[in-house]
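Trainee: I'd like to learn how to read a structure like this one. Could we go through it together?
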Amino acid sequence: MTNEIATVNPFQSMESFESAQRMAKALTNSTLIPKQYRGSENLGNALIALDMAQRMNMNPLAIMQHLYIVHGNPAWSAQFMISMFNQCGRFSPIRYVLTENNQRCMARCKELATGDQIDGPPVTIAMAKDEGWYDKRGSKWKTMPEHMLRLRSAVFLIRSTAPELTMGLHSVEEVRDIIDVTPEDDTDAGLAGTIGTDTLPESNLTTDMLSEAEEAGRRG
């Protein structure tokens, strides 16, 4: 998806930097963007969002809404990563291969140019326990195991197959599971959001929504 505002590389030349500043200033005056971009004091954040939008050929608003800084680590929402992958035009929509007892999940897609099937690394409940994700405070692995298996396996497939789509960044859910934080820790201010240990966004891409997305992909 090409859009005019995303074609300006802010750091290509002084002229493009000045043009990007004018665009960023207009964005910082909007009440529709996340608060970490609003106002002149956040002009730098908006410029970075413009640069990332240009590199990824995406709308800056989408970048602003889905890029988070979790304790100093930039990360995308898993929902956004899945959406980018499914809409990139290089692969079929992601499918999920689950065992009957929902203890293991593998994400699968097809490379459209060659027709080759691509299977991502499998994710299991045993892995979640061994890696310490399962018992972390606030973890959804105990209450929503199938949902988490799908999200994690999808992200593994995306990052192992086409990391350039996400600029190599992890998902918010991964960063939350990897970083050991305590309730009193402060979260760094960042691009799209200030994400604390109690407010890390769990992707709202539910099992039903995943099924609907898969059905939409089959319809064309």
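Trainee: At what angle do α1 and α2 pack, and how far apart are their axes?

Mentor: A quick note before that: this is a predicted model, where local features need pLDDT of at least 70 and side-chain atom pairs count only at pLDDT 80 or more, while totals for chains, interfaces and linings use all residues. Residues are numbered from 1 along each chain as its sequence is written, and side-chain values use heavy atoms, with hydrogens and water left out. Now the general idea: two packed helices are described by the angle between their axes and the distance between the axes. Axes are lines fitted to C-alpha atoms, for helices over the stretch in contact, and angles run from 0 to 180 degrees between N-to-C directions. Here α1 and α2 pack at about 115°, with axes 9 Å apart. That makes α1 roughly perpendicular to α2 (under 35 degrees is roughly parallel, over 145 roughly antiparallel, 65 to 115 roughly perpendicular, the rest oblique).

Trainee: Which residues meet between α1 and α2?

Mentor: From α1 there are Phe17, Ala20, Gln21, Met23, Ala24, Lys25, Leu27 and Thr28, and they meet Leu43, Ala46, Leu47 and Leu50 of α2. Contact means heavy atoms within 4.5 Å.

Trainee: How many helices and strands does the protein have?

Mentor: Eight helices and seven strands. Both are DSSP runs numbered from the N terminus: helices are H or I with at least four residues, strands are E with at least two.

Trainee: In what order do the three strands of the open sheet come?

Mentor: Strands pair if DSSP finds at least two bridges between them. The order is β1-β2-β7, with mixed pairing. β1 and β7 are the edge strands, each pairing on one side only. β1 (residues 67–70) and β2 (residues 73–76) are antiparallel, with four bridges, whereas β2 and β7 (residues 170–171) run parallel, joined by two bridges.

Trainee: What stands opposite Tyr68 in β2?

Mentor: That's Ala75, and the bridge partner of Ala75 in β7 is His170. Trp76 has a partner in β7 too, namely Ser171. While you're looking at the β1 and β2 hairpin, find His71: two residues lie between the strands, and His71 takes a positive phi near 50°.

Trainee: Is Ser171 buried or exposed?

Mentor: Buried means under 20% relative accessible area, exposed over 50%, partly exposed in between (1.4 Å probe, protein chains only). Ser171 is buried, at 1%. Leaving aside neighbours within four places in sequence, Ser171 is in contact with Ala75, Trp76, Ala78, Met81 and Val155. For the whole protein, 46% of the 220 residues count as buried.

Trainee: Which residues touch the most other members of the largest nonpolar core?

Mentor: A nonpolar core is a set of buried Ala, Val, Leu, Ile, Met, Phe, Trp, Tyr and Cys residues joined through side-chain atoms within 4.5 Å. The largest one has 48 residues, and those touching the most other members are Ile63, Trp76, Phe85, Ile94 and Trp141. α6 gives the most to this core, with eight residues. There's also a second, separate core of six residues, including Tyr68, Ala75, Val175 and Ile179.

Trainee: Which residues of α4 are buried?

Mentor: Ala78, Phe80, Met81, Ile82, Met84 and Phe85. Following α4 you'll find Gly89, with a positive phi near 90°.
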